[in-house]
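Hello,

Here is the structure I promised to pass on to you. Have a look at it first, and my notes on what turned up follow below.

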Amino acid sequence: MIVKTKDLYGFEQAAEILGVSTQRLFELTVSPYVEKVHIENRTYFTKESMRYLLLRGDI
């Protein structure tokens, strides 16, 4: 099945955009305020959650 991920960012892509390691992204995203979408055992982040992480300032 092909999953369309427009406006969603995969874990590795989100880490690259934020300029952090995937381990650091995992630590940052345990917050309930970071919106995550789970599709077929994969985690994706919305544009809003990426914006929230960028504006947090502790990256």
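**Salt bridges**

Searching the whole structure turns up two salt bridges, a salt bridge being a side-chain nitrogen of Lys or Arg within 4 Å of a carboxyl oxygen of Asp or Glu. Before the details, please keep in mind that this is a predicted model, in which local features need pLDDT of at least 70 and side-chain atom pairs count only at pLDDT 80 or more, while totals for chains, interfaces and linings use all residues. Residues are numbered from 1 along each chain as its sequence is written, and side-chain values use heavy atoms, with hydrogens and water left out.

(Helices, H or I with at least four residues, and strands, E with at least two, are DSSP runs numbered from the N terminus.) Lysine 47 is partly exposed at 38% relative accessible area, and aspartate 7 is partly exposed at 41%. Here buried means under 20% relative accessible area, exposed means over 50%, and partly exposed is in between (1.4 Å probe, protein chains only).

The other bridge joins arginine 24 and glutamate 27, whose closest N and O atoms are 3.4 Å apart. Both residues sit in helix H2 (residues 22-28), three residues apart, or about one turn of the helix.

**The sheet**

Three strands make an open, antiparallel sheet in the order E1-E3-E2; strands count as paired if DSSP finds at least two bridges between them. E1 and E2 are at the edges with a single partner strand each, so one side of each has no neighbour in the sheet. Four bridges connect E2 (residues 36-39) with E3 (residues 42-46), and three bridges connect E1 with E3.

E2 and E3 form a hairpin with two residues between them, and glutamate 40 in the turn has a positive phi of about 50 degrees.

**The core and the helices**

Which residues make up the largest nonpolar core? There are 11: Phe11, Ala14, Ala15, Leu18, Val20, Leu25, Leu28, Val34, Phe45, Met50 and Leu53. Such a core is a set of buried Ala, Val, Leu, Ile, Met, Phe, Trp, Tyr and Cys residues joined through side-chain atoms within 4.5 Å. The largest share, four residues, comes from H1. Phenylalanine 11 is in contact (heavy atoms within 4.5 Å) with Thr22, Leu25, Phe26, Thr43 and Phe45, leaving aside neighbours within four places in sequence.

In H3, the residues Ser49, Met50 and Leu53 are buried. Seen down the helix axis, the buried residues of H3 fall within an arc of 100 degrees, so they line one face of the helix; the arc is that of the directions from the helix axis to the C-beta atoms. Among the elements covering them are E1, H1, H2 and E3. On the face of H3 turned away from this buried side are the exposed residues Leu54 and Leu55. After H3 comes glycine 57, with a positive phi near 85 degrees.

Best wishes
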